[in-house]
Amino acid sequence: MWGGDGTPARASESGFADALRRHRAEARLTQEELAEHAGLSVRTVSDLERAIHVTARRATVDRLASALGLTGPSRAAFRALGRGIGPPDVAPDAGPPAGGRATAARFVGRSDAHEAFADVWRHGEPGRRALLFAGEAGIGKSRLLAELCRDASADGALVASGRCDSSVRAPYRVLIDALRPHLLGTALRSALGELGPSAGLLALAAPELAELIEPVGDDLEPDARRVALLEAMAKVVTVIGAGRPVLLALDDLHVVDSTTLDVVDHLLRGNGPESLLVVGTYRDGEVADGHPLSALRATLVQDRLCDVVPLDGLDVHALAELVADCTGVAPTEDEARSLARHTGGNPFFVEEVLHEAGERGADLPTALDAMPDRVRNVVRMRLARLAPPGRDAITIAAVIGTEFDAALFETVADLPTLAGLDEAVETGFLLVEEDRVRFRHELTRTAVLRDIGRAARAELHWRIGESLEQLHSADREAHLEEIAHHLSRGAAAGDPARAAAVLQQVGVRQFRALAFDEAVASYSEALKLMPARGESARRRFELFDGIAEAHFWRDDPEAMRAAALGAAQLARDLGDPEELARSAIIVGRWNRGGEVGAGVAELLDEAEAALGPADSPLRSQLLAMRAYALQGAARGFDTRPIAAHAVDMARRCDDTDALVLALTAATYTEDGTPDLTTRRRLADELGAVATKVTRPDYALQYKRFALRARAPIQLAAGDRRGYEATRDELEDLTAHMRARFVISQICNWDASIAAAEGRFADAEERSAEALRLSERPDAQRAHLIQSCAFAVDQGREEAVLDAVAAFTAGNPTTTGYAYRAGYGTALAAVGRTQDARAVLDELGGRRFARLVVDHQAPTALRWVCELIAHLRDEDAARAVLPVLEPYGGQILVGFALSTIEAAADRSIGQLLAVLGAHQEADRRFACASRLEAGIGFAALQARTDRWWSDLLVRVGDDRGPDLARATAARAAELGMARLATEAAALTSPG
């Protein structure tokens, strides 16, 4: 099937042209009269009758039917022929053949592509799939897509088609363009009714809907809005499909934006209509590694949701058919082979050869003999023969874009150039339909752009940008990306600061529409244009802040820090200590996990020194960020005094935003400490103050943080019921907010609970689900920790020794220390006693100086005590016991509830047993066993009872063998094989 990227002329299309001529003759109307009655241009009527424009709007068909006086069956038949023509934006028209204007070429070749489509569309199982066609420019991708759209429409499917725009960075636009024809009247009302409150999210993606829909507020943070928007768009596609199969056709995906691909991915992974096929085209040479389509294509193919079909040049037989159809004369076999050699079978290049032959009055062999080796140059040769006004018209059109409003062209062009537009249309370079102008093929536009000088292009861009602002003063928001595109590229000929300001507005809107990649690009482009000095420096600071926040939500901490440090440098240049402090706060606020990267600690020091010692809300926030970042770095530094200082200062300043940030840091720095009273008070106060924060999405973040701080406190206190209530409250809040990484964390909590109860299969499943929901570095780390912990609990230490060794080797943080202790315990469990002793010696340096009380302390204490108990090291037990004692009566809960370690009394009992304090050890083991049983943690209780029975057997207590037998049976039932073996061994004589 073929040829150039034009729409095909099938029988229904030529039938429409014939019907239009016949009805006009019957009505005794001239073309001019019919155009006047229908409110159309004469050119539109003429082109439709000659089948030059085979893409008519439905409204055009209806106007013609009314002007012709058609009623009843005649009108229905006329409209049916018109509906066969297809949507106007699927593909451009075919060009003229040699010797004159073309009637549109027949669709030839491409049987393989048709079969691939049929296999999925007609013969495949119902479901959601994607089919991608890849090939070079001009190979016929758009024409193929138009043909497939017609096939699907004939099968009764809903067809939504759109083309990605290479020049304007407008997230979701291709999807909105595809859906727009179906979102009219009752369809839109039905879709909005189905969406309910989520309808407002559509206005984020399509500003033109803001008049019909009240946009959603800022009470959802970006992650939440993003998920809700994806679901809203999926719901719209489902509703307008109304139970029919849906074909979503997307052309030119090589220039697609990543946020649009997120929607496509969401639709394909079980969220769109039950019967959905996404068909897309792209230039394979323009989708390299790193391109957003490359990543999505790989995952969809891997998950068997997508097939990729390469499109090569047409073979000799198909080329012969194409030439015969366009010219009325069949080429000889040698001519067809020569044409294939010169053009590579590329339909667009074939068209250009035929154009050239027609314009020179030459036959095909003569035209081929005169062709250069690369037929691409033919476009330039043809352009050179145009009169200056025609060339000027094409030049302006090329800078405007692939398709645009005729009114814009009229605003930019002078009178001679307006006259030149007719020549550009007559020679087939441009197509005009009603109020739209477009290039017949993007390759023509590309060739023209390459020949425009930089200064001339900038001047044209600036004129076009200003014209767009004038034309769309009433609806500027709907055209903001287009205005920004032209003003930014014309800034050298206009006002760079003004262009940067518009780009910043675009970036803000893209961020609100959850198009984070595009927002970063717009902000970054604005930075390049914004003057570095004077009043503009303040705006540059805002741009750095916006880039940092966008990178935060993109999960790119390094890029986030780079932007924040850029803001800091600007603040230094301005000599403004408050701006320097704000830049440091940016680093802290948009810092996940509190990591301290290169330059961040120095920035915190510098900003604090620049502010001076006086109380201020800014200094309180700066102190809070320092405490948060240093605590997250897990370097063993006591950050609690810093956070407490920040809280006291915020209270003195009576500043809510400063107080809530300081309380957040304080709850974080207290995490893992044994003082549950202080931890609970801080978490409760944070939850209360969070409701008073002015920015709604921040308020929800703080409330969520308060709940996440409260849950481990409740578990540590043995309050399982309170924990469950907090977990459910957080889940409800998260469901409203749709924050994926928090849902991921709840999955980790559930995994920890399941492991503590001995449901290891469920634990591993929930942990894997958490990783699927969020692949952030901290989520990956949590998954590794949980996987290793679950393996050790089940006696599979050998399977994870290498992973734990790699994770902990050379890791100077308290996290590394904690899991180094776990590594030593695993070595001891598998009989590598000497290696385990080396690890304990490493951990015990300077009387366990690195064993500090921070958020990793519960995990570190559990594993250090276990290692000491295995090796029966009295000196180590004596050194660690004072650190552990304050946790008595609690459950040791790992950081962020990624693990539940043990009752602290078990660990205390292990140390006391090593020291020979058998009676007190017996009491502590009994307390631990009761606490773990009371909270339902059977796996934890089994491990406690194993150590308890070991003590009792060693001291000759009659309870020992019975407890060991019961423990062995329970451990075997839970799947804790090594523990069952160890407990059973305690019952053997001797």
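Are F511 and F516 buried or exposed?

1. Both F511 and F516 are buried, where buried means under 20% relative accessible area, exposed over 50% and partly exposed in between (1.4 Å probe, protein chains only). The model is predicted, so local features need pLDDT of at least 70 and side-chain atom pairs count only at pLDDT 80 or more, while totals for chains, interfaces and linings use all residues. Residues are numbered from 1 along each chain as its sequence is written, and side-chain values use heavy atoms, leaving out hydrogens and water.

2. The whole structure holds seven aromatic pairs. Rings of Phe, Tyr and Trp (its six-membered ring) pair if their centres lie within 6.5 Å; planes under 30 degrees apart count as stacked, over 60 as edge-to-face and the rest as tilted. F511 and F516 make a tilted pair, with 5.4 Å from centre to centre and 55° between the planes.

3. Y668 and F895 are also paired: their ring centres are 6.0 Å apart and their planes stand at 50°, so this pair is tilted. Y668 belongs to helix α33 (residues 656–670) and F895 to the loop between β9 (891–893) and β10 (900–903), so the pair ties together parts 227 residues apart in sequence. Helices (H or I, at least four residues) and strands (E, at least two) are DSSP runs, numbered from the N terminus. Y668 is buried, at 7% relative accessible area, whereas F895 is partly exposed, at 25%. Together with Y628, they form one aromatic cluster.

4. In helix α38, the buried residues are F760, A763, S767 and A770. They lie on the same side of α38 because they cover an arc of only 80° around the axis, taken from the directions from the helix axis to the C-beta atoms. On the other side, A761, E765 and R772 are exposed.
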